Each structure stands twice: as structure tokens, then as C-alpha cells.
Amino acid sequence: MRETDLKDALIEEGLRANRRHFFGHSLRGIGAIALTGLLNKASSADERTLASNNGPGFAPGQPGPTHFPAKAKRVIYLCQSGAPSQIDTFDYKPSLDKLDGQELPDSIRQGQRLTGMTSGQKSFPIAKSFVKFRQYGKSGQWISDLLPHHGKIADDICIVKSMYTEAINHDPAITFFQTGHQQPGRPCLGSWISYGLGSESADLPAFVVLLDKNSDKQAQPLYARLWGSAFLPSNHQGVKLRSIGDPVLYLKDPTKASVEDRRRLFDRLAELNQIRQAQVGDPEIQTRIAAYEMAYRMQMSVPDLTDVSSEPESTFDLYGADAKQPGTHAANCLLARRLVERGVRFVQIYHRGWDHHGNLPGRHPLIAKEVDQGSAALIQDLRQRGLLEDTLVVWGGEFGRTAYKQGGGDKYGRDHHPRCFSIWLAGGGIRGGSSYGQTDDWCYNIVDRETHGVHVHDLNATILHLLGFDHRRLSYRFQGLDYRLTGVEEHRPVKEIIA
Amino acid sequence: MFLLRAAIFSTIVFWSYSAFAEVDYGRDIRPILANHCYACHGPDAAQRKADLRLDHRDVAVESAIVPGAAEKSLLIERISSDDPDKIMPPPDASKNKPLRKEQIELLRQWIDAGAPFADHWSFVVPKRPALPQVKEPRWTQQPIDRLVWARHQHERISANAAAGRRTLIRRLSLDLIGLPPSIEEADDFVKDKSDDAYETVIDRLLASTHYGEHRARFWLDAARYADTNGYQYDLEREQWVWRDWVIHAFNSNMPFDQFTMEQLAGDLLPNATDHQRLATAFNRNHPITIEGGVIDEEYRTEYVIDRVVTTSKVWLGLTIGCARCHDHKYDPISQREFYQFFAYFNQVPEQGLRGFNPKLKIASPLQNKQRTAAKASVVQLEKRLERLLNDTGVNFADWEDRARAAAKQTWHSTTPEDVRSLGGATLIRQEDGSILASGKNPATDVYEYEWMPAGRVVAVRIEALTDASFVGGGTGRAPNANFVLSEFEVLSADNKNGPFKKIELSTAVADYSQNGYPVEQAIDGKFGRQGWAVDGNTKRENRSAYFVLKAPVEVSAAVRLKIRVVHEWGGSHQIGRFRISYSDKPTVSLPTRLRQLVSVPTEQRSGTETVQLTMALAKAYGNDKMKALVTDWNSSAALLESVTAVPATMVMSELPKPRKTHVLHRGQYDQPGEEVEADIPQAFPTLPQDTPQNRLALARWITSVKNPLTARVTVNRIWQQIFGIGMVETSGDFGTQGAFPSHPELLDWLAVDFMESGWDVKALLKQIVLSQTYRQSSSVTPEQLARDPTNRWLARGPRLRLDAEAIRDSAIAVSALLQRDVGGPSVFPYHPSGLWQEINNRPGYSRVYKQDTGGKLYRRSLYTFWKRTVPPPSMAAFDAPEREYCVVRRSRTNTPLQAFVLLNDPQYVEAARHLGERMFQHAKTDRERVIYGFQAALARRPQESEIKLFLETLAERRDQYRNNEQQAIDLLSVGESSVAEGNLAERAAWATIGRIFLNLSEFITKG
């Protein structure tokens, strides 16, 4: 009986702009009428109804769908699963040159828990970065030679060097990053945003997930919970857009029927459903008719979305030849741009393979090369198209890596390090060409963590803030509690990195 | 806490607990106080401000409330103040929610009425309420109806008429067994004019074996059942025998208190049976990590917490988990009490990392029948053979001597002149004459072993011996301790320098061979990835094989023999320690098992071994009749073994010496505080303390009739299964923040009745579906929708989208593909390729989804293999959870992705084809065929307008497929089942008609 998701998905503010575009199509048939009816009805819903229908967490009397004006309307999140080494990417530490080979002193380690991988290790010798850093752009940001293309976006990005987290192993750490909780059971960031903002698109989901093909045999797995909606209604879970098989599961009709034939099938279904509704009066049937209409549209919009053949050659100059290979990071970054152009709110990209416990100097460059050009191209592309202004891009892993060696010799690795690591953000109200926070000489602790450290919850609070939400008020009542992404303790958006 | 308890049980002022009261403390007042005030003035002592608590009347009336005088009460003064420094809650929009005018007015009225407090309704033991007098005869039959009718009267809403029989039987069948009725079942019901026609259908459905499957389906969500371990690598586990237990328990209508007791503490029951122990797998179904870096205690703690959270949610409807890090903000559960509850589940001898033990191998209760039959057949054959042996006067001792003589085979030891590894391993001779490999461990290797025999050589034997230096103390050098002997060669040379020539071998005999790796492959002249292997990865035992030379080698001073032990499987599958010996007498071909059995001294033989020896001897030396009997016996015994062969299931057990439990500061495993003993929260009535405080005591408390929650929570969840929403909408939270029941008296009436019936689940269901409330039409008018959008007043019958499993099962059922076997291991139906590998392709830690074939594609959905990190995609689209944690209520959404599943998932396209074929075959005219389709898919007859649309579609599709045969072939070739003979265009047109049926909103709706 509840006109659940579609309404949810369509009622949101962004749709108003989109609706014009939407009505530009010639509408015919019952399905189209059902969809239109739903849109019109949705826009007249009052605030209280929205709140009770899982709309954003309005405080009474608060106008508008967000708590305050948003700087960003959408997010692209480039998750570097496995955790890149900050020492070898974005945290330039000349101090380590002098400390190279020295034992990590207990005064610096301060009883930090070790993982099971190095807890048996007797010696913890510091390894300086194996790669050179140089300065780029007007801002003169230091970026390592592992990521040369990032030099071109040095003035767009804000590097946060004082990130820290609570978990030290992959599963709990990435779950914490994405859902605000180490154990399974909470909605992920993308689901919260879908819940809070709904969709701008009538023929694509609000929250799309892209998985880069994995090349590293030892890579850490991913799990459905990372894009799951947990106790939020499941229409807020991420929809995977796949590079193999159907881009959206079961999207394609096995008979390769013509558009007209498919249209007739959908129309016939709508007519029969309509008859049933007249018999029983169930409004859910109307919603189902509209859902099928959306499905019909997706069958056309998704192939159009994933077909990059219409992109000019300059696009591939920017993203690199990889962008023509579905499933590469470059191809997915390009797809992300095409998704946000079409009104998708949240695009989550996962790149795996950074977890180098052995031979990090040999393996880190391979993974860095896989992501460098695509990530950098995305920022440049968004900027050229005027989308960077209100599109927030986030790049980072679930924790950092140790300054000391795991194993010895030249083929050493670096272990997990939750106490400090670097991520970058760009666009969507972020102060580009800047950095925030710093690590100590050993690249082991954050300097002034109380004031300058950025906890995972702080980062998520910042992302929500840029989208117009007070992270303490974007909540959902489940089992008697008002749950939120950022937990119960005090956390804050990092306003210093906002332009 | 002590204070609070005293307050609740000594100074309760009972206020009416009713859906109709003007101002009800529990329904109206407490939620306001809890939502807006408890954060600082509630149960959490650490956060409490100004020593004021509003959850506690004695404290509240000391300062904030003057009963009977709202205007004199500080509470009212503060919440209605204009002064920003005084107003409560303090105006910090990010933390506090201000009160609305109507809320303030309610508080005023309540205080004026004397500010009566009451214990939270669900914490008071339910009493059977008086039933209202009802005037309308239709609503007097069932207690449920009388209570529902009263609500109708109060809301001044008129109830729907009863639904038609076809609607009713479809609803009933979907609710009781999760499958739609067959055409015959529906017709029979329509034709049955007897008074108890409806009840007959109910009884038939409750007796169906599919009943237990359907109830188990719901239970699996609550029990977070899955076929994988969850967390990071999410590899497989086998807990399905427990799922069989659940199906069996429901089908045999096990009383719910027993069902509870066995799952929570079956192992602790006096004289616990195997199946009672098996039941405790419930609390081992949680995820288990194998991530290398974790700390054992960290995850062990998580597992215990999972049990606390799951148990309290499923049986008590309490969010006890909230008190893991601090006192509960709303309910009377302190952090200390959380860890007291934790202590009950903290006594399992388990680990955090790879914590799969304890496990027990217990046969499925569903296989009882098969097992009994196989056992009977074995016994009968044994008796027949015994009679035959007696009748023929066989001298058994003679046979045994013959076998013993044959088994006597002397193997002479050898001393090598030279032994080497071509792969570079170090081979060192041990004191016992064996050769131990160490050092370099190449992927493949060949050992060469030369010696000078002291006598005639008829056969050569190699023994593979276990050694502590190999993984798990096995026999092989592979990482899993197995080996594969690709080839065993014997060569001879006539003199010291002479060239070695290969000697032909005639037979190979091993004491054990791995399935697919028989010892014959070691002398077949073929190298590479085949040969003799011994399951060395699981069975770490000494093994031997001997090889008979085609022609014996006669001894002479200069003869040298060389053995080549060739390992080419790869992955270091080499024998790690071996010994070579030879025999100078002809070997007698004696079955390996018989050889083993006769070598056991008579007095040491077990009963089983004696039977086996009898059989082996009769087979070897008996007459044809005896041999035939033994053959039959062997197959019966094999069947018995196969129905008894089940995986070990993870179950609960108790440490011999209890583990200490501490309050964990902030819920952290490594921050233990005060030590605590197991106990239940103080706010609830306790049981006598004369039994040890263990899980059994907890289970007894949970199933006690004095427990105010268990029966209510259970009844409510079953109500939710039928009506879509429980009387308490928050079916997982009956605490103070949970929803107030829509029909409090009805909930209590059913809860009391449930307990008094002996916790009879079938009786409860029968009572619900017999009611007029259930039998109403579910049609809805705009006016009804406006007044009661979610049918909380129950003035119409239930109407909801089916759950994921019921949708898939319905499609398979109406297409007559459904495979109806009950129980057994999980199956792998259709699945988009690459889904598992795209999120995890780490070698050794991942696998490819291997789709089943044949009947396993069409089993009920509760048997579908459930991988937590990639839940079955076509069910996930319909709101099925991941099963990483306990879920008692699924969301119910309506999305375009669901349309894709029904339209294009091969499971549905294939089902549509078969449904179309059924229609086509059933009748001669298209019209009759369409009518048949309505009956099969929707259990009703169509309207003319509907028939017309189908016939039009049919005509269009015939044209389409006639003009484009390839499309017809594309459609018909989806799915594994074979395509019916005949006109392709015609078949495809009917398949499309089938697709339309499966995609109708009505098909996936219980109406």
C-alpha cells in the first residue's frame, strides 16, 4: 500500500529541473501517464509526508529538502581499496630520508596495535619513500612520481594528510569508511545520500556502483554491504553497472526484440495492470506500472550511457586509451562523468589491489599507473564541462600504510596503518590547490590530532555538509533509535577545506 | 537499577493500556518524554542532568511534576517557556527536537489527570482481556474478530465483505505454504459446498510438507542463516542440516517453547539428543572471519555480541545491543546488564579467527525415513546371509585361515646404493629405512632410488609415510599435504654400468586411493596431472601401494634395480617420506578390505568389522547365492552410508570451566572493566535461582509464561507474515521506543492464548486465517485509502507484494517446473556470470559460481545457495537481505530493477515458456487456453476485457515470430530445459503470453 520507492526516488527537488527535460519526451501510453502522475503527486507532498516516507530528516519548520544550501549536488567517490601508501603518493616526507633504516622508536609507536601480519616481526626499520616527489601547479603541491597525471590537477584538489581511522584490518576498516560502523548492519554513504537527496534522473538510479577490473592476485575482496542500504529501504542500495554481461543485471531482453515490440509488451502489461487496478483499487499497481515504465526507459538510457563511441577523440586523449576498455579505471571514470551528467547523485568506483605487504616498490607503481590518468582526467573533464563546481570527487583508501618495513630487503612491504593517511577531495565546494593537516617526521602520527586530525566520521560529515546536510540531523528511525552515518560521538565537518 | 526495579513492581499505577483511551501514558506520553527528554533525563545515568529522571515517577514528582496540577509543574513551565535560557529541550537544533504545541497540550492533560505512570506495556505480563460484545453475527465467531470489530466501531469504518473463494484459496495457500494453489485445488474448494470446506483447505495446507519450508523461510532471515562465512573472503560453510532441522520442527509442529529451548540451549538439556544439539546451530550461524590480520579476541567478542543482539531481537523484541557501549538510552537495560546477558553466550569453546569449531556431525532429521529404510534392508540381508551360511554348513574358520594365509606377504627391506631428487630436494635416509625429503620443494620432482636386491623380485612396494615436517603431519609436500604419484617405474640393469631398461608392471594395488586418482594410473605410462593420490589433505595416514612385475627379476650378483617415483601434478604434490621394499613370493590377489580385516586379531574386531569380514569372506569363497546377497548388502550399506553422510554442523557447547565475563569499556574487546555474572536484566521478573545461570536457565526464562515479551513478539511476527505489518509495527523493537500496538488487547489475547495452547504455532495460524478479519476482500476504495492507508484498522483483507522467495517459487510452480523434494544441501540455480569473481578473485580464497543442472534449478528458493557478500541477485532485487545479521522485517520496495528480473532472468523466461506450453497443450481454442492461464497463474477466471487483450497480444506475437523466426528461437532457447516440438512461432507467442502473466502486478501480489 505504501507508494514506496519510486515516489521517494522521484519526489526530490532536483527532479523539478529534470522534469522539464523529462516532459520533453513525447509521452504516450498508460505507463508514461502513470509515471507522470506519480511525479506530479510527489511534488505536492508536504514536508511531514516526506519525512514519514523516509524523506530527509527534516526538522519541523525547516524549509526545503536540505538543511542548508548545498555546494555539491552529487558525488563521485574513487575508493582505493587495499589502502595506498601515503608515504609513496601524497604525503611528502623528506624527514624520512634521514630516518631511513632506523628502528621505529616506542615513543612514536605509543603502543599502537599491530596487525597479525607484523605482530611477530622483531624489527621495525623505517623505509623512506622509494619514489621521488615533485611540486606541481600554482599551489606547488608535492605529488609523487607514481601519479604524474595528478600533477595536472594539483590546483584542483585538497590533500588531507591527517586522516585517521579506528580499524586496522581491511574488512572492518572499509566497512567503517563506507557505513560508519565496523560491523555489518548500517547503510552506506551512497544509500544515505540517495535517501537524503533522491534522484535527479527519471531513468537511472540515484546511486550507481562501478567496479574496476582487478589485476592484483592478492587484492582484497569487496562485499555487497559496502553499497547496501541495511535498514534503509532497499531502493536506496547501490545499483552495480557492470562491465561484463548486462550493464544492469537482467537489463537485456533475451529475444533482442525491437523497440516497438518491447513497447507493445510494456503497453500490454500496463493495460492489464490498469484493469486490475480498476477491480481492486490498489495504488501500488499504479506504482508498479510506473516502475515498468522506468524499466523501459532504462533499457534505452543505459545502453546510450555506456556507449562511449560518440565521445570525441579528445576524450580518449584525456582519459587515455584504457578508457576504451570497459572495466578499466579510466573507462569507469569516464562512465562516472556520463552518469553525473545524466543526473545520478552518487557514483561509487572501487579500485582494488593496493594492499602490498610484500614488494611494495614493485607492485605499487602498477596499481598507481592503473588509476592515475583516469582519476586525473575525471577532474579535468568535469572542470571543462563546468560540472566540477557542484560535483564532489573523493579519492582514498580505508587506511594508510606503515612507515616501517614489513619483511626486509628491497622487496619489502608496508603494513596497515590507521593512525595517519592521505586522501584528496576536489570540486563541490572544496578549496582546491590546498592541503590540510600534517604528519610527524616519522609519518606515523598526526601533528595536533585533536585540532587537525580528520576522523572518518569527520570526512563523512564534511561530504554531507557539502551536500547541504547537517550530519547530526540526517537520520533514520530504526528500532527506536535515530541512526546516522556519523555515529553518536562528536564529529565535525572540516570547514577549513571548504572554499 | 535496583531502585528502578523496586519502583516498577511496587508503585505501578495502572493506566489503561488500550488503543482507544483519551490520553494513554504508554501510547502518548512516554514517547514524547523518550524522544525529547530521556537523552538527559532518562535511564542513562552517565548522561543524566540535574538528577532529574522523567522515566521514573518517584523522582519526577519530587521536582518536575505536580500530579493534578499542570500549571504548577516545573516541567510544563520549562517546556512552554519563551526564554531561550529556560526552554526545554534546549534550543540546539542539531541535537534536540523541540516540542510541538499538541505535544505540550497532551503533557498538560496527563499531569492534570494525575500524571499516572505505568510500566511500559510490553514489560508487563499479558493478561487475557475480556472480549467485547458484538452485535453483527459475522464478527462474533472468532475472538480475533470481536476485538478487530471493536476497533472498526471506534474508528467508524465499515469492513469489507468476505473475499471470493478463488481469491481466498490463493491467499491462504501463499500464506500457509508459500506456493499458489493448483487449478484443481482451487476448483475443489469452489465446488465444496460443505460447511467446513474452508477449514478443510486450511488443514490440508498445514499438513503439507511445504508448510515447514515456508515457515523456515522467515526463520532463516531471523537466524541470519547463510551458506558462506561472511566478512571478507566469504568462503563456504555447511549449515544446511540445521535448516533441515527447522523445516522438520515446523512440519512436526514442535511447540514454540521447545523450538526456542532447543535452539538456545539444546546441548544443555538433560540427556540431550543429537537433534537437540543440532538445533543450537542457530547461534553459530553468525559470520566468522578468516582475515589474517585480526586479533582473535576481537572477533570472538563480536560473535558473542551477535548472539546477544540476535537472541534478544528475535525472542524479546529488545534492542539490547544499544547497551554495548553505554546504558540504554530508553529501555531499562544498563551496560552492566548487557554484559550479564553476554555472559550466557560467552562460554563457547571457540576462536575469533577461523572460529568454526565446535562442530558435530549429526544426520538431518528429514532423512530419518530414508535412514530407517536403508538400515532395515541392511539388517534383513544380513539375516538372510546368516541363515544361508548356517543351512549350507560353511566352516567359517577354514575361510578365515585361507584368507589369513593369503594375506601373509613378507616385504623385504632395501638399502639404496643411490637416491636422488632430480628437482633438487634433499633426500636423507632415516633409521627406519625410509627416505625423508626436505630443503628445496620444487613444483614437480622425480625421485630415483637404486638398490641391489638380495633375492628374487616379484613385486615392489612403496610406502608413503607421515612426518611432522609436513603440513598437518601428513604424507605429502604439497601445501595441503597431499601427493600425486604420476608414475611408478621399475628399471633394471645387468651390471654396474649397464644401461637401465624399463620393466613392465602387471598390476598395481593400493590400500587406499582417492576418488579419481586410482593407483592403476601410476602404471599406465601416462605422466602429468594424473596418478595415484590418497586424500592426503584430509586423511593424514600412512599409505602403501605395491606393483607386480610382469616377469620376476631373478637375482644375480650384478643385477641393479632402479625405482623412479615420478611426481608431475605440480604444486609440490610430492611424497615427502617413502620406503621401498620388495617381495620374493607371488602376491595373492586379495581384496584390500579383506586383507585388512583378517589381519585384525579376532578378539580385537569390532562388531562392524566382524560383519564386514563375514561379507568379505562370503564374497571371496561363498557360492553364487551368497555372492549375490553380499552384492545387495554392499549397495544397501552404501545407501545407508550416503544418507548418513552429512557435513559437520557448527553447534553450541559450553566450556568445562566458565570463561570470565567483564563489562567492556565502550564495548571494546581490549578494555575489560568490572567482572560480571550471567543474569537477566533486572527490570524483568526473574526465575528461581536454584539452577546454574547458563543458557538453559536463560532459555527457560525466555519461554516462561511469566516472560512478558516472548509470546507477544512471536505472535506479532506471525501476524506480520500474514498482514504485512505487525500489530506492533516495529516487530524488532518492543521497547519504549518501539511502536504502540494497533490492537493491544488482540495482541495480548493471542499471546496468552498461544502460551495456553502449549505454544502451538499451527493452531495460532489456523486461528488467524479462520477469522473474518483475514477473510475480508482486500479491495480498497479511495476513501479507505485516505483514512487508513496502511490498513492498520484491518477493515480490509491483507494485500501485499510477495516476498522474493515466494515470487520465484510461484513462477516455478505455475510453470510446473517445481521440484518438490524437501530438505538437503543448498543448490545453485541460474545466476548471471561473473558476479562472484568480480568482487573477489583471489586464488585459493574465491570460487566461480558453478550453476547446477536439472532438477536443482527448480528447487524452492529457501534452498538457493546464500552467499552473504553476493546475495542471490534476483532475490536481492526483491528486498531479500544479505543475511550478515538478524533481520525480522524486510523492506518492501517497488523498483524498475524488479521488472528486469521478472522480464529477463532466465529462471522467469524459462518458466514463462513452460507456462505458455501448459496453456497451449491444455485446450484447443485460444480463448480456453487464455482462461486456463488465468487459472494456473492467478487462480481466477478472467474478465472479457482481459481475454480480449490477451487474444490481441497473441495475434500480434504470432505475426512477430512468424516474420522473425530467430526471435522465436532466442526466446524459446532460454533456460536449460528442452523445447517442446512444433511450430516455433506458435510456441514463442505462448511463451510471451506466459511472460505477461509472470509480470503482472497481480502475479507477485497476495490479494
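Two residues are in contact if their C-beta atoms, placed from the backbone, lie within 7 Å. The structure is a predicted model, in which local features need pLDDT of at least 70 and side-chain atom pairs count only at pLDDT 80 or more, while totals for chains, interfaces and linings use all residues. Residues are numbered from 1 along each chain as its sequence is written, and chains are lettered from A, with ligands numbered from 1, in the order in which they are written.

**Exercise 1.** Describe how helix 11 of chain B and helix 12 of chain B pack.

Solution. Helices here are DSSP runs (H or I, at least four residues), numbered from the N terminus. Helix 11 of chain B and helix 12 (residues 240-251) of chain B have axes 8 Å apart and an angle of about 125°, where axes are lines fitted to C-alpha atoms over the stretch in contact and angles run from 0 to 180 degrees between N-to-C directions. The two helices are therefore oblique to each other, since angles under 35 degrees count as roughly parallel, over 145 as roughly antiparallel, 65 to 115 as roughly perpendicular and the rest as oblique. Among the residues that meet are W219(B) and L220(B) from helix 11 of chain B, and V246(B) and F250(B) from helix 12 of chain B. By class, this contact holds 7 nonpolar, 4 polar and 3 charged residues (Ala, Val, Leu, Ile, Met, Phe, Trp, Tyr, Cys and Pro count as nonpolar, Asp, Glu, Lys and Arg as charged, and the others, Gly among them, as polar).

**Exercise 2.** Find which helix of chain B gives the most to the side that touches chain A, and describe its packing against helix 10 of chain A.

Solution. The contact between the chains takes 75 residues from chain A and 81 residues from chain B. On the side of chain B, helix 31 gives the most, with 8 residues. Helix 10 (residues 283-306) of chain A packs against helix 31 of chain B at about 75°, with the axes 8 Å apart, and that makes the pair roughly perpendicular. Residues including M294(A) and M298(A) meet residues including A899(B) and F900(B), and the contact has 8 nonpolar, 1 polar and no charged residues.

**Exercise 3.** Decide whether helix 28 of chain B is mostly covered or mostly exposed.

Solution. A residue is buried if 20 or more other C-beta atoms lie within 10 Å of its own, exposed if 12 or fewer, and partly exposed in between. In helix 28 (residues 804-814) of chain B, 11 of its 11 residues are buried, and the helix is mostly covered. Those buried residues pack against several helices of chain B, including helix 32 (906-922) and helix 33 (926-938). Just after helix 28 of chain B, A816(B) takes a positive phi of about 60°.
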